Amino acid sequence: MNKEIYCGECEKFAYEDTDGYGICGKTKKVCYCSDKCHLTNGKP
């Protein structure tokens with residue numbers, strides 16, 4: 001059973017600002033700390 005992982009829980013989540021926005025170290029895309037991980041949850 002896969003656990004849903006959120007961007008803020010990931011070690012690749014970098015440069016988080018005070019609003020919770022950061023950059024995914026793998027895709028280099030901007031994401032929010034409460035977004036579900038696109039890599040583990042199959043999103044584009």
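This briefing describes the strands and several individual residues of the structure above. The model is predicted: local features require pLDDT of at least 70, side-chain atom pairs count only at pLDDT 80 or more, and totals for chains, interfaces and linings use all residues. Residues are numbered from 1 along each chain as its sequence is written, and side-chain values use heavy atoms, with hydrogens and water left out.

**Sheet**

- An open sheet is formed by 3 strands in the order E1-E2-E3, with antiparallel pairing; strands (E, at least two residues) are DSSP runs numbered from the N terminus, and two strands pair if DSSP finds at least two bridges between them.
- E1 and E3 are the edge strands, each pairing on one side only.
- E2 and E3 run antiparallel and are joined by 3 bridges.
- Ile23 has Val30 in E3 as its bridge partner.

**Loop residues with positive phi**

- Tyr15 lies in the loop between strand E1 (13-14) and strand E2 (21-24), and has a positive phi of about 60° although it is not a glycine.
- Tyr15 has a relative accessible area of 70% and is therefore exposed (over 50% relative accessible area, with a 1.4 Å probe and protein chains only).
- Lys28 is found in the loop between E2 and strand E3 (30-32); although Lys28 is not a glycine, its phi is positive, at about 65°.
- Lys28 counts as exposed because its relative accessibility is 62%.

**Segment before E1**

- Glu11 belongs to the segment before E1 and is exposed, with a relative accessible area of 75%.
- Glu11 and Gly25 are 14 residues apart in sequence, and their C-alpha atoms are 8.5 Å apart in space.

Definitions and conventions: Helices (H or I, at least four residues) and strands (E, at least two) are DSSP runs, numbered from the N terminus. Buried means under 20% relative accessible area, exposed over 50%, partly exposed in between (1.4 Å probe, protein chains only).
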